[in-house]
Amino acid sequence: MNPMEQRAWRTLIALTTRLPAALDTQLQRESGITHFEYFVMTLLSEEPDHRLQLSELAQKANASLSRLSHVVSKLERLGWAQRVALTGRRGAQAVLTDAGYRKVTDAEPGYLDCVRGLVFDGLDDAQTEELLELGQTLVAQLEKGMTRGLGRSGRPSSHLGLEAESD
């Protein structure tokens with residue numbers, strides 16, 4: 001990497017490690033939930049009947065099905081979600097319970113204040129638009145690289161000449 005790329009990379013790493021940690025800390029302190037739990041419940045709260053097939057929820061949450069399944073199990077134990085088998089099909093849906101909906105809506109004001117204070121209060125409208133565009137570009141590049149096998153287990157790293165490892 002050239003010096004500019006190195007500085008940009010280290011800035012991105014600082015952002016992607018410190019922001020989620022700060023959001024987790026705030027949500028756990030104020031609401032007793034993690035950022036990922038809040039995000040999953042928010043996604044469910046926005047769906048008709050507050051339900052979504054687990055595989056689709058995993059995709060929207062940018063998570064593996066395994067990680068999502070663990071979180072849904074925890075939300076079930078807490079009474080905030082339930083898993084419903086799909087009739088005549090493989091898979092299941094996650095359904096946000098009334099208690100889960102209350103939990104996410106109660107946590108929302110503090111969460112939004114935290115996001116504003118950590119991110120958006122420091123940006124003007126033009127910078128927010130730039131952030132959106134840059135974020136979309138980075139996500140597209142991430143998808144492109146992952147499609148080529150970068151950052152995924154069991155896939156070859158062609159630029160290193162390595163063979164695929166089986167999991």
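Buried means under 20% relative accessible area, exposed over 50%, and partly exposed in between (1.4 Å probe, protein chains only). This is a predicted model: local features need pLDDT of at least 70, side-chain atom pairs count only at pLDDT 80 or more, and totals for chains, interfaces and linings use all residues. Residues are numbered from 1 along each chain as its sequence is written, and side-chain values use heavy atoms, with hydrogens and water left out.

**Exercise 1. The overall fold**

Task: Find how many helices and strands the protein chain has, and the pattern they follow along the sequence.

Solution. 
Step 1. Helices (H or I, at least four residues) and strands (E, at least two) are DSSP runs, numbered from the N terminus.
Step 2. Count. The protein chain has six helices and three strands.
Step 3. Read along the sequence. The pattern is α-α-β-α-α-β-β-α-α.
Step 4. Take the dimensions. Along the principal axes, the C-alpha atoms fill a box of roughly 50 × 45 × 25 Å.
Step 5. Check burial. Of the 167 residues in the protein chain, 26% are buried.
Step 6. Check contacts, meaning heavy atoms within 4.5 Å. Among contacts with a separation of 6 or more, 44% join residues 24 or more positions apart.

**Exercise 2. The two sides of helix H4**

Task: Work out which residues of H4 are buried, and which are exposed on the other side.

Solution. 
Step 1. Locate the helix. H4 covers residues 65–77, 13 residues in total.
Step 2. Test its span. The expected span is 1.5 Å times one less than the number of residues. H4 reaches 18 Å from its first C-alpha to its last, close to the 18 Å expected.
Step 3. List the buried residues. They are Leu 68, Val 71, Val 72 and Leu 75. These residues lie on the same side of H4 because they cover an arc of only 100 degrees around the axis. The arc is that of the directions from the helix axis to the C-beta atoms.
Step 4. Turn to the other side. There, His 70 and Arg 77 are exposed.
Step 5. Find the partners. The buried residues of H4 pack against helix H2 (35–45), helix H3 (54–60), strand S2 (81–85) and strand S3 (92–96).
Step 6. Look just after H4. Gly 79 takes a positive phi of about 80 degrees there.

**Exercise 3. A nonpolar surface patch**

Task: Identify which residues make the nonpolar surface patch, and which helix supplies its largest share.

Solution. 
Step 1. Set the rule. Patches are made of residues with over 30% relative accessible area and no salt bridge; like charges are joined within 9 Å, nonpolar side chains (Val, Leu, Ile, Met, Phe, Trp, Tyr) within 5 Å. Accessible areas come from the Shrake-Rupley method with a 1.4 Å probe; for residues, only the protein chains shown count as cover.
Step 2. Name the members. Met 1, Trp 9, Leu 12, Ile 13, Leu 15, Leu 134 and Leu 138 make a patch of about 670 Å².
Step 3. Assign helices. H1 (3–31) and H6 (125–147) each supply at least two residues. The largest share, four residues, comes from H1.
Step 4. Inspect one member. Leu 138 lies in H6. At 43% relative accessible area, Leu 138 is partly exposed.

**Exercise 4. Positive phi in a loop**

Solution. 
Step 1. Asp 49 has a positive phi of about 60 degrees, although it is not a glycine.
Step 2. Move to His 50, in the loop between H2 and S1. His 50 has a positive phi of about 55 degrees, and is not a glycine. Its relative accessible area is 23%, so His 50 is partly exposed.

**Exercise 5. Salt bridges**

Task: Find how many salt bridges the structure holds, then trace where the partners of Lys 60 and Glu 47 lie.

Solution. 
Step 1. Side chains of opposite charge can pair when their charged atoms come close.
Step 2. Apply the cut-off. A salt bridge is a side-chain nitrogen of Lys or Arg within 4 Å of a carboxyl oxygen of Asp or Glu. The structure holds four.
Step 3. Take Lys 60 and Glu 47. Their closest N and O atoms are 2.8 Å apart. The pair links distant parts of the chain, 13 residues apart: Lys 60 is in H3, and Glu 47 is in the loop between H2 and S1.
Step 4. Compare accessibility. Lys 60 is partly exposed at 36%, whereas Glu 47 is buried at 18%.
Step 5. Take Arg 116 and Asp 113. Their closest N and O atoms are 3.6 Å apart. Both lie in H5 (residues 98–118), three residues apart, about one turn of the helix.
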